[in-house]
Amino acid sequence: MKSCAQLFSTNYDVWGEKAKHTKPGQPVKMTGSKLRRQFVSIPDHTVLVTCFQRDKLVGHAFASVWSFEGGVVGWITQLVVDRSLRKRSIATQLLQTLKTHPLFQRVTAIGLVSAHPAACTALAKYTNVSVHAVDLPFICEHAAKVLEASPIDYIKGAQLRGDLFQRNSDTGAVSSAFTGFYVDHTEPLKALEQFKAKGKWCLGELLEGHEYLVLFPVSPGRTFE
């Protein structure tokens, strides 16, 4: 836990202008005890996948599995990669490794909330789907049920936002969750422009205090080789 907390604290992001009880530009910090409390609250249903380079932890993914009305979801609760090693498919490989775990052999959906388009893309690859072709009706139908059933507080408390979930929404968001996590969006917004230039970005705009919400259908036991 200590190594994962250190990786997060040195590589995740910095606080934005609207963050409370901290100064903008300060790194978002994590302790081992807080990491365990927030992301390993259901240890028997939680998986940790790690990536090491020369005995140094350079990436990790925490994921939990729970039942909801309509199926079983595998949810990526934290995904972090060393800044110096990004764009090398480490995040994708971490998520692909989850498929080998018995818990993930029975999931019917997999999802996450993240401010970074690259994380959404890595999860899309889990099911061999392009991030530009996300099944929005599937998200609309199941997202609220998944969040409501979550045993993890920050997920259960997330508020669905965007055209998929709100009538007459004029924010430009499509599939988002308000988490109140006011991190700086400079890097994610730069990445977003690159993704938009490559194709149709269907998840909408990234708003302050919000994260994208993606949820993909999965056939239980399928390995997606």
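These legends describe close-up views of a predicted model.

Residues are numbered from 1 along each chain as its sequence is written, and side-chain values use heavy atoms, without hydrogens and water. Because the model is predicted, local features need pLDDT of at least 70 and side-chain atom pairs count only at pLDDT 80 or more, while totals for chains, interfaces and linings use all residues.

**View 1. The largest pocket and its lining.**
The largest pocket has a volume of about 1,400 Å³. Among its 50 lining residues, Tyr 12, Leu 79, Ser 114, His 116 and Ala 119 are the closest to the centre. Two or more lining residues come from each of α1 (2-11), α2 (32-39), β3 (71-81), α3 (90-97), β4 (109-114), α4 (117-126) and α7 (186-198). The largest share, 7 residues, is given by α7. By class, the lining has 26 nonpolar, 12 polar and 12 charged residues. Nonpolar means Ala, Val, Leu, Ile, Met, Phe, Trp, Tyr, Cys and Pro; charged means Asp, Glu, Lys and Arg; the others, Gly among them, are polar. A pocket is an open set of points on a 1 Å grid over the protein atoms alone, where a 1.4 Å probe fits, with protein on both sides within 12 Å along at least five of seven lines; lining residues have an atom within 4 Å of a point. Grid points are joined across faces, edges and corners, and the volume is the space filled by probe spheres set on the points. Helices (H or I, at least four residues) and strands (E, at least two) are DSSP runs, numbered from the N terminus.

**View 2. Helix α4 against helix α7.**
The axes of α4 and α7 come within 8 Å and cross at roughly 55 degrees. That makes α4 oblique to α7. Angles under 35 degrees count as roughly parallel, over 145 as roughly antiparallel, 65 to 115 as roughly perpendicular and the rest as oblique. Axes are lines fitted to C-alpha atoms, for helices over the stretch in contact, and angles run from 0 to 180 degrees between N-to-C directions. From α4, Pro 117, Ala 118 and Thr 121 meet Pro 188, Ala 191, Leu 192 and Phe 195 of α7. Contact means heavy atoms within 4.5 Å. The contact has 6 nonpolar, 1 polar and no charged residues.

**View 3. Thr 121 in α4.**
Thr 121 is found in helix α4. This residue is buried, with a relative accessible area of 15%. Buried means under 20% relative accessible area, exposed over 50%, and partly exposed in between (1.4 Å probe, protein chains only). Leaving aside neighbours within four places in sequence, Thr 121 is in contact with Val 131 and Phe 195.

**View 4. Buried faces of α1 and α3.**
In α1, the buried residues include Cys 4, Ala 5, Leu 7, Phe 8, Ser 9 and Asn 11. The buried residues of α1 pack against α2, β1 (46-53), β2 (56-68) and β3. In α3, Ile 90, Ala 91, Thr 92, Leu 94 and Leu 95 are buried. Their packing partners are β1, β2, β3 and α4.

**View 5. Two buried glycines in loops.**
Gly 209 lies in the loop between α7 and β7 (210-217). Gly 209 counts as buried, at 0% relative accessibility. Residues up to four places away in sequence aside, Gly 209 touches Ala 177, Phe 178, Thr 179, Gly 180, Phe 181, Tyr 182 and His 185. Gly 16 is in the loop between α1 and α2. Gly 16 is also buried, with a relative accessible area of 4%. Beyond neighbours within four places in sequence, Gly 16 is in contact with Pro 24, Tyr 182, Val 183 and Asp 184.

Most residues other than glycine have a negative phi. Ser 89 is not a glycine, yet has a positive phi of about 70 degrees. Ser 89 sits in the loop between β3 and α3. Its relative accessible area is 41%, so Ser 89 is partly exposed. Asn 168, also a residue other than glycine, has a positive phi near 60 degrees. Asn 168 is in the loop between β5 (159-161) and β6 (176-178). With a relative accessible area of 78%, Asn 168 is exposed.

**View 6. His 101 and Val 47.**
His 101 lies in the loop between α3 and β4. His 101 is partly exposed, with a relative accessible area of 29%. His 101 and Val 47 are 54 residues apart in sequence and 8.0 Å apart in space, C-alpha to C-alpha.
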